[in-house]
Amino acid sequence: MLFSSINFLYCFLPVVLILYYIAPGILKNTVLLAASLFFYAWGEPVYVLLMVISVTLGYIFGLLLEKYRETKAAKPLLFVSVAIDLGFLGYFKYADFFIENFNAATGLSVPLLRIALPIGISFYTFQLISYLIDVYRGDVPSQKNPINLAAYIAMFPQLIAGPIVRYSDVEKQLRHRTINFEKIADGITRFSIGLGKKVLLANQLGEFVDIFRGTDDKSVLFYWLYAFSYAMHIYFDFSGYSDMAIGLGKMLGFEFCENFNYPFVSASISEFWRRWHMSLGSWFRDYVYIPLGGNRVSKPRWIFNILVVWMLTGFWHGANWNFILWGLYFAVLLVVEKYIAPILRKSKIISHIYVIFFIIISFIIFNAVDLSQAATDIGGLFGAGGIPAASPQTLYYAKSYAVMIVLGVIGSTPAVKLLVNKIKSSKTGEKIIYAARPFAVAALVLLVTAYLADGSFNPFLYFRF
């Protein structure tokens, strides 16, 4: 069930919120857990059992890790618990990838398992692992109430595509959280903004990307428009989902971490990754990069640490070589950038162009079916194969989607936010914004509903991961 669907907006969400608000405090987590399991079962009825098994094992190992924290049994317990979680993830997400590559290397024909990928498994697996490691480290106490732990792992707002919420961030909120009109109103506003980003921007840009893929009439201009459109498509798709998740969390009384902070205004690749999918970046930093030694090691070891972290980051996104290449691509950029940073800082314009160019190349790699397609698409940006600079078909689609592309560029910057803040800087402006907010939200939701009722293009990109 997509957040951007009629079923969710007008059936599931209103019923869940009503039941949640009327439930006494002691039962709110139970209602949240039941709603989350129903939400997951809507699209993955079989794999609900997998999630229940994972949470049950996580609950048991959490208690054991706390009990034996100061003994020699702690490390083996942590290793086994993390290995089980990674084993589930590896089997369901990567088994066929390893079999395919084994067959290619050996010439054998081991049959593929053809296993369906459980939705959200990459996200809830990482949440379980961070919980277990934090308990092992003594950063948080183990959760004694299994319903509370299950509600945290299965929580439907962030279950499918994050943000990756740390148990340490919501541990106190699971026991007590404040729900008031102001928080609910903020949540509805944030959710509606994310919904608009997803349906009105991401979906339209996604249509353009599909048009590019479906035609043989390619040109250099078409390749560049595709590259820009896909970069904005994935940004609005994923950041829109994160906005909706954060907004839903507020409606339920939770405060989730931010996941995006206008990454396309970055002046370096490292800054880009401090602004893009921030919950994933901080997860790899705290649970992989720092334990490996971070940057407090020799230069060769630091480069090794960077390569490992970014290879894993790429592989986390999908079982394909283009994702591994995508991760290693960023590793190389970050290593090189460390030595050219003084040059980049001399000109904001040059540094910004540098970031946009290499980010666009990265998303071409990310979206490719295989490495061959990635090479073809990158070559197309520079006219490889003798393709024309433009074509009548390219100009037709450029005109058709020009407004959407321009809106995407504006929306990917903090321009609108700065304008609103400027208006709110005066008492009169603040009153105007406060009075206009419910009408703006209602208009936005109605416009989105019209698009959805019309049966418009409405996929969700991160279901792939």
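Before I turn to the pockets, let me say that a pocket here is an open set of points, on a 1 Å grid over the protein atoms alone, with protein on both sides within 12 Å along at least five of seven lines, and that its lining residues have an atom within 4 Å of a point. Grid points are joined across faces, edges and corners, and a volume is the space filled by probe spheres set on the points. What we are looking at is a predicted model, in which local features need pLDDT of at least 70 and side-chain atom pairs count only at pLDDT 80 or more, while totals for chains, interfaces and linings use all residues. Residues are numbered from 1 along each chain as its sequence is written, and side-chain values use heavy atoms, with hydrogens and water left out.

The largest pocket has a volume of about 1800 Å³, and 38 residues line it, with T189, R190, I193, V416 and V420 lying nearest its centre. At least two lining residues come from each of α9 (181–214), α10 (220–251), α17 (392–411), α18 (415–424) and α19 (427–453), where helices are DSSP runs of H or I with at least four residues, numbered from the N terminus. Which helix supplies the largest share of this lining? That is α9, with twelve residues. By type, the lining of the largest pocket divides into 21 nonpolar, six polar and eleven charged residues.

The second largest pocket has a volume of about 860 Å³. Of its 27 lining residues, S270, W273, R274, W310 and L334 are the closest to its centre. Two or more residues of this lining are given by each of α11 (269–275), α12 (278–292), α13 (299–317), α14 (321–344) and α15 (348–367), and α12 gives the most, with seven residues. Here the division is 13 nonpolar, eight polar and six charged.

Let me close with two individual residues, for which buried means under 20% relative accessible area, exposed over 50%, and partly exposed in between, using a 1.4 Å probe and protein chains only. I22, by contrast, lies in helix α1 (residues 6–22), and I22 counts as exposed because its relative accessible area is 64%.

Note on methods:
1 Å grid on protein atoms, 1.4 Å probe; cavity = no way out; pocket = protein on both sides within 12 Å on 5 of 7 lines; lining within 4 Å. Nonpolar A, V, L, I, M, F, W, Y, C, P; charged D, E, K, R; others polar.
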